[in-house]
Amino acid sequence: MRANISNRSLIIAICCLLFSIYIFTSTDFEYLGKNSVILFVVSLVMFIATPLPAALVALLLLTLGVLIGLPKSLLFGTFEQDIIWLMIGAFIISGMLEKSGLMKRLSDWVLNQGHTRKMNRFIFIASQFISVVIPSTSSRAVMLLPLYEQLIKKLPQHKTYYSLLFPTLILMGSNLTLLGAGSHLIGMGLLEAQNKNTLSYFEFLLFGAPFGILIGVVSMLVIRLFTKVKHEQIVHEYIENKHYSIIEKKSLFIIIVTIILWMTEWLHNMDISVLTLFIALIIMLPSLNILSFKEGLKYINWSLILFVAAASALGSLLVTYNVVDDIQQSLFKTLTNLEWMNEFYMMIKTE
């Protein structure tokens with residue numbers, strides 16, 4: 001086993017070295033531009049081909065870049081991005097939902113529907129709802145895990161169906177909102193680096209939600225078709241507490257206000273990142289007795305935060321040193337010299 005791992009690591013190292021030599025000897029990029037390309041491509045290779053944590057890889061290569069000549073502000077300025085503070089605030093808000101018991105109430109309510117057909121509809125609605133307010137697929141998976149475990153316990157014969165349904169809906173829900181996936185946030189960071197217009201939370205929801213909901217419905221139908229699961233009655237021993245606790249009422253009010261403010265960014269013109277962080281800090285005030293400051297910090301996925309920050313910085317290097325522009329120009333030049341290339345393909349590329 002050790003020999004296989006060693007050989008694989010050696011092959012990866014040799015490929016990265018050969019690529020670096022090629023970039024330095026065969027391209028016309030400036031010195032820092034060459035470093036940018038190498039760091040970016042090597043990071044992608046290590047993300048895919050090594051078991052190292054993605055955040056560790058991104059920070060390691062970013063720090064290496066500073067040591068070999070890239071500006072120090074690139075490393076320490078990564079946390080100046082609005083997206084990073086938006087994620088930190090959103091993680092704390094999602095922690096409030098879990099701590100308050102609202103997610104458990106939602107899970108019990110779904111299980112209390114009495115029939116799998118009706119229950120599956122509400123599972124779909126619940127997964128779409130948490131995709132709107134909870135960042136990252138891993139956090140949404142943690143939120144829905146108790147519901148999944150109870151379903152498998154109640155319906156062991158449907159284990160295959162629900163084992164496919166939950167992760168699929170969690171992944172498809174990533175398409176709905178700006179907070180749905182780290183890649184969305186990294187993309188917005190790159191657009192900001194190019195001084196291009198970015199999408200607000202509402203705009204992203206407006207364009208992404210129809211596609212996300214549609215692909216979620218299609219996924220459910222496909223999974224049900226291939227697993228050939230049949231609908232049946234389900235008995236859940238649960239006494240519904242119709243009265244919300246004080247902490248549940250506070251949390252429900254805060255989450256409703258937060259979503260409204262996110263959706264109306266175009267109206268109040270308050271920066272959504274600062275707004276989200278402000279709400280998260282309010283949640284941790286001792287007077288509200290919802291979530292302590294220490295507890296709030298535990299709900300933040302610091303590994304994902306570091307990865308998004310470092311990956312955004314690595315991507316912005318290609319913009320800062322005109323690597324993207326040079327690659328685009330070379331690509332257009334190559335395409336225009338091809339006899340079979342017509343205007344239709346060029347229009348698609350331009351778009």
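Predicted model: local features only at pLDDT ≥ 70, side-chain atom pairs only at ≥ 80, totals over all residues.

Visitor: How are helix H12 and helix H14 oriented relative to each other?
Guide: The axes of helix H12 (residues 246-263) and helix H14 (residues 272-283) cross at roughly 170° and come within 11 Å. Angles over 145 degrees count as roughly antiparallel. Therefore the orientation of H12 to H14 is roughly antiparallel.

Visitor: How many nonpolar residues does the contact of H12 with H14 have?
Guide: On the side of H12, the contact is made by Ile 254, Thr 258, Leu 261 and Trp 262. On the side of H14, it is made by Ile 272, Leu 275, Thr 276, Ile 279 and Ile 283. By class, the contact has no charged residues and two polar ones, while the number of nonpolar residues is seven.

Visitor: Is Gln 128 buried or exposed?
Guide: Gln 128 is placed in helix H7 (residues 116-133). Beyond four places in sequence, Gln 128 touches Leu 176, Gly 212 and Ile 213. Its relative accessible area is 8%, and buried means under 20%. Gln 128 is therefore buried.

Visitor: With which side chain does the side chain of Gln 128 make a polar contact?
Guide: A polar contact requires a pair of N or O atoms within 3.5 Å. For the side chain of Gln 128 the distance is 3.4 Å, and the partner is the side chain of Ser 127.

Visitor: What is the relative accessible area of Asn 120?
Guide: Asn 120 also has its place in helix H7. Residues touched by Asn 120, apart from those up to four places away in sequence, are Tyr 161, Tyr 162, Met 220 and His 231. Asn 120 is buried, and its relative accessible area is 6%.

Visitor: What kind of aromatic pair do Phe 24 and Tyr 31 form?
Guide: The ring centres of Phe 24 and Tyr 31 are 6.1 Å apart, with 50° between the planes. Planes under 30 degrees apart count as stacked, over 60 as edge-to-face and the rest as tilted. The pair of Phe 24 and Tyr 31 is therefore, by this rule, tilted.

Visitor: How many residues apart in sequence are the parts that Phe 47 and Phe 307 tie together?
Guide: Phe 47 and Phe 307 form an edge-to-face aromatic pair, 5.4 Å centre to centre and with 75° between the planes. Phe 47 lies in helix H2 (residues 31-49) and Phe 307 in helix H16 (residues 302-320), so the parts tied together are apart in sequence by 260 residues.

Notes. Residues numbered from 1 in each chain as written. Heavy atoms only, no water. Axes fitted to C-alpha atoms, helices over the stretch in contact; angles between N-to-C directions. Helix = DSSP H or I, 4+ residues; strand = E, 2+ residues; numbered from the N terminus. Parallel < 35°, antiparallel > 145°, perpendicular 65-115°, else oblique. Contact = heavy atoms within 4.5 Å. Nonpolar A, V, L, I, M, F, W, Y, C, P; charged D, E, K, R; others polar. Buried < 20%, exposed > 50% of the residue type's maximum accessible area, 1.4 Å probe, protein only. Polar contact = N/O pair within 3.5 Å; in protein donor to acceptor, adjacent residues only side chain to side chain. Phe/Tyr/Trp six-rings, centres within 6.5 Å; stacked < 30°, edge-to-face > 60°.
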